[in-house]
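Take a look at the model below. The text then walks through it piece by piece.

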Amino acid sequence: MGIPKGSLQESTVQLFERAGFNIYVSSRSYFPTIDDPEIECTLIRAQEMARYVADEAVDAGLTGIDWIAEHQATTGKSVAPIADLVYSKQSFRKVRWVLAVPEDSQYEKPEDLEGARISTELVGTTEEYFKKLNVNVSVEFSWGATEVKPPDLADAIVEATETGSTLRANHLRIIDTVLESNPQLIASHRALEDNDKRTKIENIALLLKAAMEAQGRVGLMLNVEK
């Protein structure tokens, strides 16, 4: 089972805990322990999870729809979606990948960016987005700090946001949403051909979804006469 390393790691471990699994992560190891003898865990960056699941290095894992889409756009390989799990590092809502431009620029809609430079981590997905709009742009990979690149290093960016506060702090405004994303439990097609693995993965999905459904609800206990 691939556990996403990075921003989703803590919230994912907490979700598993609410579902009845205790995962213990050591700062010196990429192989967390879990109190289920049928599961072996490994920490994998969310950006790489779909690749390792598709290549059958791990049977299943959790990563965002954004990185699943990016993997398919760049490699053509697919994974099997098992369950949608709407949570993020800050909240229980979806993350948006948005097209943002300098707040004082003349750009009002995506079509205005003909011939522009776009900086993003989500290169393949962004290229497909503009291709569907029939807008020719140059999409450049960003290693991070994408918000500071316009206007000198890029004309616009495609970046993930939950609240938009970081974009506003860097004097950027959103002109479109490229993709909405949330974590998914995914599995390799071969793992699902194994009945035992399929049953285990589906049971994990059921428990994780139940834990999410229970979030925000309360239990009520009553003393009643027989």
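What follows covers a sheet, a buried glycine, the salt bridges and a surface patch.

This is a predicted model: local features need pLDDT of at least 70, side-chain atom pairs count only at pLDDT 80 or more, and totals for chains, interfaces and linings use all residues. Residues are numbered from 1 along each chain as its sequence is written, and side-chain values use heavy atoms, without hydrogens or water.

Five strands make it up, open and mixed in pairing, in the order 9-8-10-7-11. Strands (E, at least two residues) and helices (H or I, at least four) are DSSP runs numbered from the N terminus. Two strands pair if DSSP finds at least two bridges between them. Strand 9 (138-141) and strand 11 (172-181) are the edges, each pairing on one side only. From one strand to the next, the twist averages 25°. Strand 7 (residues 95-102) runs antiparallel to strand 10 (residues 156-161), with five bridges. Within strand 10, valine 158 is the bridge partner of leucine 99.

Helix 3 (residues 65-75) lies across strand 7 and strand 11, at about 80° to strand 11. Such angles run from 0 to 180 degrees between N-to-C directions, with axes fitted to C-alpha atoms, for helices over the stretch in contact. Contact means heavy atoms within 4.5 Å.

Now glycine 61, in strand 5 (residues 60-64). Its relative accessibility is 0%, so glycine 61 counts as buried. The classes are buried under 20% relative accessible area, exposed over 50% and partly exposed in between (1.4 Å probe, protein chains only). Leaving out residues up to four places away in sequence, glycine 61 touches Met1, Gly2, Met49, Val53, Gln184, Leu185 and Ile186.

Next, the charges. A salt bridge puts a side-chain nitrogen of Lys or Arg within 4 Å of a carboxyl oxygen of Asp or Glu. The count by this rule is ten. One of them joins glutamate 38 and lysine 200 at 3.0 Å, N to O. Glutamate 38 sits in the loop between strand 3 (33-34) and strand 4 (42-45) and lysine 200 in helix 7, so the pair ties together parts 162 residues apart in sequence. Glutamate 38 is exposed, at 60% relative accessibility. Aspartate 155 and arginine 117 form another, at 3.6 Å, N to O. Shared partners join Asp36, Glu38 and Lys200 into one network.

Last, the surface. Leucine 220 follows helix 7 (195-214) and is exposed, with a relative accessible area of 73%.

Technical notes
Patches are made of residues with over 30% relative accessible area and no salt bridge: like charges are joined within 9 Å, nonpolar side chains (Val, Leu, Ile, Met, Phe, Trp, Tyr) within 5 Å. Accessible areas come from the Shrake-Rupley method with a 1.4 Å probe; for residues, only the protein chains shown count as cover.
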